[in-house]
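Subject: Structure handover

Hello,

Here is the structure for you to look over. My notes follow below it.

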Amino acid sequence: MKITLKNLKRDYGTLHAVQDVSLTIPSNKIYGIIGRSGAGKSTLVRLISMLEKPDSGEVWYDEERVDNLSKKELIAKRRRIGMIFQNFNLFSSRNALENIAYPMEICHMEKGYIKKRSEELLALVGLEGRGDAPISTLSGGQKQRVAIARALAVQPDILFCDEATSALDPQTTRAILALIKEIQKKMNLTVVMITHQMEVVRDACDFVAVLDSGRVVEEGKVSEVFASPVSDVTKDFLSTGTNMSQSVVRWSQEPGHYTLRFRGQATDEPIISSVTKETGALFNIRAAGVQTVNGEEMGIMALDIGPNEEVAKKAIEKLKEGGISVEVVK
Amino acid sequence: MNQMINLVMSATGETLVMVFFSTLFSLILGLPIGVLLHVTSSEEQGGIIPQPIFNNILGRIVNVLRSFPFIILMILLIPLSRLIVGTSIGTKATIVPLSIAAAPFVARIIESALKEVDPGVVQAAKAMGSTNAQIIIKVLIPEAMPSLVSGVTLTIINLIGYSAMAGAIGGGGLGDLAIRYGYQRFRPSYMVAAVLVILILVEVIQVAGNKLSAKLLASR
């Protein structure tokens, strides 16, 4: 299901949480919305998922407008979407299986079917046989698995993930993301992922929108945004985010004056040496690494360029010609 | 001695009847009011159908009823008792003012138990397309159950105390026994016996309530 947002706005008093957001979220893809805390992510997901109405603007699911539905239509429509949360939000008064059954119960589905489907879903998320476990006995990862099963119970068209991995350790995060990716393919879901973690976008998303102060500052395919970030917020996410420190080998604590990003083909070529040969530029590499973004290899390098500004300028031009993005680090 | 045992036994029976039915009726009256108080409160307080004006008025009424001294309420409600049970004295008649006195207390206890429910869970239920009735019946009340049980325990204990007070206007039960025999006829043994039974009742209810609440929590 395709989601279209047109000029969405939402204020809380004097706080402009979401200002003029227009986005198209393609069908059957994993779409990431990333931003720092306070960027308006949570408000935006509440608007897209019909939990809140915008002050102005429109939300469309395929060819249907959903931001102005009547109460009855709204409830019917919400039963066609799934949502998972940072704090899992499972019912502590129900065990794992009964949690999964809840969305089907409220739609008055037949008891035998509910039981059968709940068991199936439990197996799908890898928790076979844990149906009667009280929620408090489950680990964070297991809780999120139950929440995913619950969200999928009514075979939704869209799955919203609101900071779904933020409370999990890196290893569990990877497992949950892998599960979401697998399910997305299996069930032809449109997944909208709200996060502040760049590695979530890197590992799971096809598309990304970067949110800052309630506005979309950058948007596109993840591989493209990662290769040539335009906005400062995105660059900040890419370099100061955990992803830089995790996947990059550092020789020096100095950050370096330039950040180079290589993608695809460029990672295989000896481009630095070629540029040195052509321009006489001297490179001092401070940190470098290769990471996989959505199946595509991407190189990153923090360095200084010498011996003087003139040569550096020429070298940067050459690098850019070679399809490498060069950022000046402030 | 035999006479005393018989009197204490029958007074205990009367107290139990009074407490049981007034707990039941105060729950029937107080539960919907407590739920209304919670669901119509502001969104920040977890209300799912915010109605500030209604909430304010209802809250004030509950407060006024709660601040009435029970003994005065009992006298004020004599005509109502007569209307409902046909008499204004005795065990049955006392159930009316007891229920009405405890209802606002129950309403507040239920309200505060519901307020403790994690708002995230309610949001999840809403996002899944629950109707308001479904949120109340399938989410709020089950999630708040351990606190609700503690609240009901407290209500029962309060009602044991109130029912003893009702003895003062001829309500029957252990309080009546203590006043008529122990105080007015100068028989301290009756007083002691009545107080002891009340103590035991309170203790038993408290322990049972705590156990049930703890058991509910442990199975989560």
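What percentage of the 220 residues of chain B count as buried? The figure is 43%, where buried means that 20 or more other C-beta atoms, placed from the backbone, lie within 10 Å of the residue's own.

Some ground rules. This is a predicted model, in which local features need pLDDT of at least 70 and side-chain atom pairs count only at pLDDT 80 or more, while totals for chains, interfaces and linings use all residues. Residues are numbered from 1 along each chain as its sequence is written, and chains are lettered from A and ligands numbered from 1 in the order in which they are written.

Chain B

Chain B has ten helices and zero strands. Helices are DSSP runs of H or I with at least four residues, strands are runs of E with at least two, and both are numbered from the N terminus. The C-alpha trace of chain B spans about 65 × 40 × 25 Å along its principal axes. Take the chain B contacts between residues at least 6 apart in sequence: 67% of them join residues at least 24 apart. Contact here means C-beta atoms, placed from the backbone, within 7 Å.

Chain B against chain A

Chain B puts 17 residues into this contact, and chain A puts in 18. On the chain B side, helix H6 (119–127) and helix H7 (132–143) each supply at least two residues. H6(B) gives the most, with six. By class, the chain B side has seven nonpolar, seven polar and three charged residues. Nonpolar covers Ala, Val, Leu, Ile, Met, Phe, Trp, Tyr, Cys and Pro; charged covers Asp, Glu, Lys and Arg; the others, Gly among them, are polar.

Domains of chain A

Chain A is divided into domain 1 (3–226) and domain 2 (248–328). The bounds come from an automatic or database domain assignment. The domain centres, taken over C-alpha atoms, are 38 Å apart. Each domain gives five residues to the contact. On the domain 1 side, helix H8 (residues 222–227) gives the most, with three residues.

A helix pair in chain A

The axes of helix H3 (residues 96–106) and helix H4 (residues 111–124) of chain A come within 9 Å and cross at roughly 125°. Axes are lines fitted to C-alpha atoms over the stretch in contact, and angles run from 0 to 180 degrees between N-to-C directions. The contact includes Leu97(A) and Ile100(A) of H3(A), and Leu121(A) and Leu122(A) of H4(A). Its residues divide into eight nonpolar, one polar and two charged.

Best wishes

Key:
A residue is buried if 20 or more other C-beta atoms lie within 10 Å of its own, exposed if 12 or fewer, and partly exposed in between; C-beta atoms are placed from the backbone. Two residues are in contact if their C-beta atoms, placed from the backbone, lie within 7 Å.
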